[in-house]
Amino acid sequence: MSEPTPKEKQYLFDKPANIKWMFRVYYASLVLLLVLDLFLPKHANFPWENWPEFYAVYGFVACVALVLAAKYILRPLVMRKEEYYDE
Amino acid sequence: MSSGLPPALVFIGGALVLPFLKGKTQTGFLLLLPVIGFLNLLQFSAGIHGVVSFWDYQIILARVDRLSLLFGYIFHLITFLGAIYALHVRDDLEQMAGLVYAGSALGVVFAGDLLTLFVFWELLAVSSVFLIWNRRTREAQAAGFRYLLVHVAGGLCLLAGVTLQIHQTGSLAFGYIGLNGLATYLIFIGVGVNCAWPLLHPWLTDAYPEATITGVIWLSAFTTKTAVYVLARGFPGTEALIWIGAVMTAFPIFCAVIENDLRRVLAYSLVNQVGFMVVGVGIGTMMSLNGSIAHAFCHIIYKALLFMSMGAVLYRTGKVKATDLGGLYKTMPLTCICCIVGAASISAFPLFSGFVSKSMVMEAAALGDMRLIWFILLFASAGVFHHAGIKIPYFAFFSHDSGLRPKEAPWNMGLAMVLTAGLCIFIGSFPGPLYSLLPYPVDYEPYTAAHVVGQSQLLFFSALAFTLLMLSGIYPAEIRSINIDADWFYRRGGRLFYRIMDRALNGLNERAEQVFSLELAGWLGRRSRDLPFRLAQILLYPLWLARGLRGEELQEKNLALQEALASGASPVGIGAAVATAFLLLFFILSGLV
């Protein structure tokens, strides 16, 4: 977030304190989800769904893999100038 | 057995009346028409209505059952919401095209025979292209033409299939088709074009982002979903669809991560979401078909909401690229919140609509023990959150401050977004009413502790991946660029084809002109001019020789003959002699043959 000009109204995320607060809530909910997973009963269709924190790990790994593949494999292959088709 | 007017005719009839109305009357009419259509729809009892005899065939304009009705409801609903969103538009062409388009979608869904299906299928393409062209930019015009060409090709494929099918079975009936033989494959692929199957998909990601702000709401709802309907009606349980659908869910998310145009990101996530529906149709169990249909219903609403929010941004700022936007939450808070609701719905957060529909398809895949498919779908679920759930709201409304301070969306756009967002939350929180409308009895409970926590984990930790990649600077920066897709083959390939044809055919043309019209014609002209002289010479030469003419005298005779023939002053006798000689020659030759 860029610094607002002095005249301009302060918005929600212009205050670093608000951002810090939001991140705290977010990290707390991550921890809460990890803890809940250990204690809740599961009704799994596949055995790996019973592994502790399966969905958390899968979600994290999948998205890192997605971004890395998109950035380092796909983008070099397909990215062109905006005028590519006009030439 | 009660019945109303065939649903398609309400809208198409309305479209014909629309241009005669002006100002507020027209606005009121546009809002009233979906309501009238909906009331008309409620008149129908399940069964076959609107039967018209045509030669020896029966045309069925309204085949009403739970499957067609549910699509009918959602199409009316989205037409209504789209009409509110488009209230400020004063453009008869766009409004008419929108109504005919909605009517055609209803025509397909309620078609009880293949001929009706085909006619409305074509009308879908022809009417919808105006929603693209009407943006009136050079890009939109070009994309519209490509869109039309692809759909015409798909339509021809369908027509070939339908014709063969009717020829083979002797009936127009449109029910379960299944894959057996050429006719059914042609129908399958023709439908697949509209369904945006992998490699057949680029018409969608090419054209939708170029469409008008209001038109894309309807575009995102009708074409692909009518295709899903036809698949659910004609090809449930076709195994190929499971794999086609799985690829559809997975590949667009890679493209979406590196795409700069946010409406194009939405177009990619549209393909991804339709993939879930296609998988569900392919699995073909009651649970999976229910899941597909429910997901189509929810998807139409939240995808419209996402396009509405990006449309409002485009309307106010004139920009929709991630590189140009950022920080808009400051002055467009309502649009921002509605966008986040849409994002949460497409990501299938608990309490939002995607959660109660997508999970049925996943559950059906799990019950069928389709492990790889299940993993792909789970990957796609995390990925869609990543690109549509986070990327869209983040880059438009937060991210770096673009310095833009646009006004909030106009009241009608705001109202449409609030209503649509409300529906997303209502369906997500109270899935009962939607479940009760599904074609088969629903034996599924989305809100179990394990499902809620598992799905939340998946999404929250996907978000963690986004956060960490963003903070570490690894997340691919938004770059002013385009990414080529399968449309490269006909956009660049088309140009190559054009160039080859240009070189080959025009080269041939030039050669032909050189040879035939310049050289050959001249030669023939010269030849035919002195043909009589040559012939006469051949005949007379032996005579002259026999008379003992030699040297100078022979030359003189020759010149005299040439002059006489060139000026047409030859004695009649010579002409007659030549003609007689010709005839004689002819007789001899024909006698020989």
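Predicted model: local features only at pLDDT ≥ 70, side-chain atom pairs only at ≥ 80, totals over all residues.
**B:Gly311**

I placed B:Gly311 in helix α12 of chain B, residues 286-317. I then looked up what B:Gly311 touches, leaving aside neighbours within four places in sequence, and found B:Ile213, B:Thr214 and B:Val216. I also took the separation from B:Thr335: 24 residues in sequence, and 9.8 Å in space from C-alpha to C-alpha.

**Helix α19 of chain B**

I turned to α19(B), residues 488-529, and checked its length. At 1.5 Å a residue, its 42 residues should span 62 Å; I found 57 Å between the end C-alpha atoms, so I noted that the two agree. I looked for a bend and found a kink of about 35° in α19(B), centred on B:Leu520. For burial, I went through the 42 residues of α19(B) and the count of buried ones was 0, so I wrote the helix down as hardly covered.

**Domains**

I looked up the domain assignment of chain B, which gives domain 1 (1-235), domain 2 (239-486), domain 3 (487-529) and domain 4 (530-593). Between the C-alpha centres of domain 2 and domain 4 of chain B I found 93 Å.

**Contact between chains A and B**

How many residues does each chain give to the contact? I found 37 residues from chain A and 40 residues from chain B. On the chain A side, I listed the elements that give two or more residues: α1 (16-39), α2 (54-78) and β1 (79-80). Of the elements on that side, α2(A) gives the most, with 16 residues. I sorted the chain A side by class and got 25 nonpolar, 5 polar and 7 charged residues.

I found 2 bridges joining β1(A) to strand β3 of chain B, residues 482-483, and the two strands run antiparallel. Which residue of β3(B) is the bridge partner of A:Met79? I recorded B:Asn483 as that partner.

Note on methods:
Residues numbered from 1 in each chain as written. Chains lettered and ligands numbered in written order. Contact = placed C-beta atoms within 7 Å. Helix = DSSP H or I, 4+ residues; strand = E, 2+ residues; numbered from the N terminus. Nonpolar A, V, L, I, M, F, W, Y, C, P; charged D, E, K, R; others polar. Pairing = 2+ DSSP bridges. Expected span 1.5 Å × (residues − 1). Bend = angle between axes of the 7 residues up to and from the residue. Buried ≥ 20, exposed ≤ 12 C-beta atoms within 10 Å, placed from the backbone. Domains from an automatic or database assignment.
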